[in-house]
Amino acid sequence: MNKKLLCGLLAVAMTFGLLCGCGSAPSDGEAFQPSPQPDNAVQKLLKTTGSGDPEYFRKLAALAVEDVLQHFWTGDPETGHFVRTWNGYANDPTRDPRGSGWETGQLLYAVYDLWRATGDDSYLPYIKAEAAFYRENFTQKELTNAGGEFNWATDDCAWNAMQFLAFYTVTQDEWFLQCAIELLDNTRARWYDAELGGMYYRDDADYMSLYEVGCAISWYRIWELTGEQRYYDLALESYEGMHRRLLRDDGLYYCEANVYWPLGEKNTIMEARSSSFLTGNMGMAALAAKFYRQTGDETYLERVKATNEGLLKFYDNDGVLVNDRDAWTNGAFAAYYAADVLSLPGTETQQTLVRGTAESIMNRARTTNGYYGGSWSGPAEGGKSVWYAGGSVPQQSMTTATSVLMVVSAAVLEAGLDDYAR
């Protein structure tokens, strides 16, 4: 099914589509009336295909990414850009009108990941146009200022560096590569602590965070692009630091730890409340798989296996992954996990779990007008969705983006990729 047909299906389904940024969680005691569930674009697609179709998840992912572009892209593919947001909403008069870069980065990843999975170059203009927006509207100093407005914590720096590297991959503009390098160098200079063995999360934090995995993955990518050993060493240092400080005894990782002990109760892993972090675990497993393939050291493979077992034990909710901690970023490393980890032998059960999560999101977590909620087992909206009740609603750009990223990861798996890079 091509993109024009998908757009036509969407047009039927979105007659009364919500404007970006208008959603909000119901107040206490407010009755929520769920939207009627007509035979929308997703249901029509699912009726005309099935899991036996070799491009089943590609089609689901294409529809999900079209939803992203329908709601969060402004202008044409060649000269437009993602809607600029703060906290997932557009037009905040109190904030910089250029928006929060890491937020639009989550949307960009969805488009980029589907391009990588499918090789469909019709997605490239969107990536190039968004890159042009950055080129025209930001200085290098603004983009690389760790601790500044656009990079106020370690994870923001990681998301933005990853975005710049995606721009570089597509445009070959060295400026983006240099922005990524300078930003990560500044991030480490500002927050690295030798006793901690990693980076403090931000200025006012006394702990390191599993969110640092985005920095490690980006350093690894810079090593791939440049061949400079120091970036491989930085990636390995960051990965090993998190492994030493954050590892649990079940193969998963705590999300935070200070110099004394991990933070949070071990068994607290549930929707919207967790001492671990789904996509952080996926990223650590992906890095371990990369180091295993690079070195042949079986230690890394054993770590991958342990994390996979932990994911099955704590994150498998009747065949659907639990969106445990962060409805705004929990799909960020799913493509890496699908390619680097699930291409390894003995991962069939985890493959089934990723595919089941993608199907569930499309069937149960998509609103009738094409936004995506954080409760992957459903519903998309209303008080029965823990994420929606807590204020992470489908109309926020990152809530939709992270759920769509999980759908796209199933397309990455379907495509048979075995080494991911963004």
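Arginine 188 has its charged end over the ring of tyrosine 192, 4.1 Å from the ring's centre. "Over" here means that NZ of Lys or CZ of Arg is within 6 Å of the ring centre and within 35 degrees of the ring normal. Arginine 116 does likewise with tyrosine 420, its charged end 5.0 Å from the ring's centre.

A word on the model: it is predicted, so local features need pLDDT of at least 70 and side-chain atom pairs count only at pLDDT 80 or more, while totals for chains, interfaces and linings use all residues. Residues are numbered from 1 along each chain as its sequence is written, and side-chain values use heavy atoms, with hydrogens and water left out.

Now the ring pairs. Rings of Phe, Tyr and Trp (its six-membered ring) pair if their centres lie within 6.5 Å; planes under 30 degrees apart are stacked, over 60 edge-to-face, the rest tilted. That rule gives 30 aromatic pairs. Here are two of them:

| Pair | Centres apart | Planes at | Type |
|---|---|---|---|
| Tyrosine 56 and phenylalanine 57 | 4.8 Å | 75° | edge-to-face |
| Phenylalanine 333 and tyrosine 336 | 6.1 Å | 70° | edge-to-face |

Tyrosine 56 and phenylalanine 57 are both buried (under 20% relative accessible area, with exposed over 50% and partly exposed in between; 1.4 Å probe, protein chains only). Phenylalanine 333 and tyrosine 336 are buried too. There's also an aromatic cluster whose members include Trp86, Phe133, Tyr134 and Trp175.
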